[in-house]
Amino acid sequence: MAIREPERIWWKPFSKDERMWVTVAVVWMLVSFLFMPIYHLYGAQNPPSETYKVEPEAFDKLVTKMIDKYKVGEENGFPIVHPDPNEPVFIRAQMWQWYPIIEFEKGKTYRVHLSSMDIQHGFSVQPINLNFMALPGYDYVLKLTPTTSGEFHIVCNEYCGVGHHTMVGKIYVKDAAKTAAN
Amino acid sequence: MANQDFRICSESGLKVYKNAETLIKWNVIAALATLAVGGLMALLVALTRWPSVHLLGLTEYYRFLTAHGVDALLAWILFFEMALVYFASTVVLGTRFRGVVVGWISFALMLIGGALINVIIIMGRADVMFTSYAPLKADPLYYLGVILFAVGALIGFIMFFVNVVYAKRDGGFKRSLPLGSFGLAAASIIGVLTLAHGAGIFIPAFLWSLDFIGYIDPSAYRLVFWGLGHSSQQINVCAMVAVWYMTSAFVVGGKPVNEKLSRTAFVLYILFINLASEHHLLVDPVLSTWHKIVNTSYMMHLAVLASMIHAFAIPASIEVALRKQGFRSGLFEWFKKAPWGNPAFAAVALSILLFGFLGGITGVIFGTEQFNIIRHNTFAITGHFHGTVVAGTTIAFMGFTYLLIPCIFKRQLIWKGFAQIQPYLYAVGVAMLSIGMMSAGAFGVPRRHYDITFSGAPFSFTFDPAIDMFMSMMGVGALLAVAGGVLFILIGFGSMIWGKEVK
């Protein structure tokens, strides 16, 4: 019994059932174990790991520079930016906004730099449910290729104070042809 | 040696020394009291997240959510684990508690620390959530409270080893520990490692909150914090599995079918689970991809293998024991005739089922790099750990309380009929809560969020209307679980006070 000391020799061979079950479990775990690295090498969507150290002020300057260069409009006081796909894109997290609004072109690949000015925030793109962390002091580079056009929202999903639930940002994805016509 | 200070437990035939008995009693009482507080917070928080009720105000919600985490996850479970490690290192071995003063110091530190944390949170000086991610800063006393509580628990785990060493000297066991104590030895080893991580992060955070340290790297904080935060869940898993084995032994006389298999599985937990904690950082910057993959993929699955083994070995031991009692006809007579009306047995059976299918499987899935992108920090994560810690550990501990009351408190259970349905009521509630959370999370609903209609935000966003159903499912589940929890607290304390004395 589990509350009594076992007999002197308890290191005994497995029975047939036990061998079968352990084999099934080991095979199952091996499949799960291999899935992650294999998918990382061959799959289409993986979390990146490219990171740089960055001071909040320096990051803020990069955001402002991008806005000055590529601003195409404004919505609710937030600038809308339509950056060149060949240039870095910056999204700034702070209590309690995602800044600015980015307008992407469908099918183009962007390098999106994500950082926080103050505390930790959760970058959560809805409704496609894509989640990454935005930490202060670190610049996290996401390689993003929008495949669906339309309107997306960025929700904060890491608790960041009393305004946490109002921290909503916006992303637009435009069809390439339409944007050219604008 | 004075031999009058022990008695023989009439239920199990175990030798219970007076000094161990008192210490175990008080740890169980503290555990039940903190569960009551944590459960009350749970009710308020769940009713706020249920959009059609939305009970609390903004600041109260985050405040009570922080307190819910501390009381229900940290205090209730660790106090009960102290009772378990003391039980397994003294009563199970039939020996006295060595250094009982140290045991009381541990209890006092945990009590003072836990009270301090709660007071600071309720005063509104630590609205930082259970994780208190730097640079989100709390009052220094909050960190001090956590440190005191953790040091208390650390002393408790160390006392387990002290008692085991003395038990061997005093003839409590000759060669190998009984399996239940072995499982709790694994829990205590992980406990010591885990609480070292806790010191590694909460002592710097304490100094930082006092301005002795200027800066805490947010990424390093997350790494070390989860060395505490997730590894401590492995203490819970080990303790829970040990409870599964011990309950099976107490209730049906279950004997581990193969000690080698079960013990190897516990060793796998010790070796691999700590590193697997890194799955919390899968969508974080800083750590390299292959670092994450080695730690989560490789290490995690070896620990999961251990759970797979227990999932086989425990039902097997129950089946063997029941067949021995004569339930031999057909494949499933033993299953039909199992003591489903015994709340301790029912709790363990439900705990095995729900821990495996709700908590365990989702944990493996969400801990995969690619799936983590679509689940990280959503309500699905909350659903996952309510499947493990509540539907698994808490239900198992509730079941074991029903055994400790006659054995340690020497009282019969009151309200036997209610006690019979309590585990089922609680399990159905938690299962609904957990599934509701996971489903809503699949639609992107964030965790730790006051208002998913985003009132006051610069842009309006509405989730898929399907979440209404899942959020209501969570709410109804929470109500059922709270009803089951209240019943448990009433039966627990009621039996301790008014239960008929067991001779």
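**Before you go on**

This is a predicted model, where local features need pLDDT of at least 70, side-chain atom pairs count only at pLDDT 80 or more, and totals for chains, interfaces and linings use all residues. Residues are numbered from 1 along each chain as its sequence is written, and chains are lettered from A and ligands numbered from 1 in the order in which they are written. The predictor gives the complex an ipTM of 0.92 and a pTM of 0.94.

**Stop 1: the sheet in chain A**

Show chain A as a cartoon. Find the open sheet of five strands, in the order 1-10-7-4-5, with mixed pairing. Strands are DSSP runs of E, at least two residues long; helices are runs of H or I, at least four; both are numbered from the N terminus. Two strands pair if DSSP finds at least two bridges between them. Now select 51–53 and 97–99 of chain A. These are strand 1 and strand 5, the edge strands, and each pairs on one side only. From one strand to the next, the twist averages 25°.

**Stop 2: strand 4**

Select residues 89–94 of chain A. On one side, five bridges join strand 4 to strand 7 (residues 110–116), and the two run parallel. Three bridges join strand 4 to strand 5, and this pair runs antiparallel. Here A:Arg92 stands opposite A:Tyr99. Follow the chain from strand 4 to strand 5: a hairpin joins them through two residues.

Is strand 4 of chain A mostly buried or exposed? Five of its six residues are buried, so strand 4 is largely enclosed by the rest of the structure. Buried means 20 or more other C-beta atoms within 10 Å of the residue's own, with C-beta atoms placed from the backbone.

**Stop 3: helix 2**

Helix 2 lies across strands 4, 5, 7 and 10 (138–144), running at about 125° to strand 4. Angles run from 0 to 180 degrees between N-to-C directions, with axes fitted to C-alpha atoms, for helices over the stretch in contact. Contact means C-beta atoms, placed from the backbone, within 7 Å.

**Stop 4: chain B**

Switch to chain B. It has 15 helices and two strands. Its mean pLDDT is 93, and 99% of its residues reach 70 or more; pLDDT is the predictor's confidence in each residue, from 0 to 100. The C-alpha trace spans about 70 × 55 × 50 Å along its principal axes. Of the 503 residues of chain B, 62% count as buried.

Key:
Contact = placed C-beta atoms within 7 Å. Buried ≥ 20, exposed ≤ 12 C-beta atoms within 10 Å, placed from the backbone.
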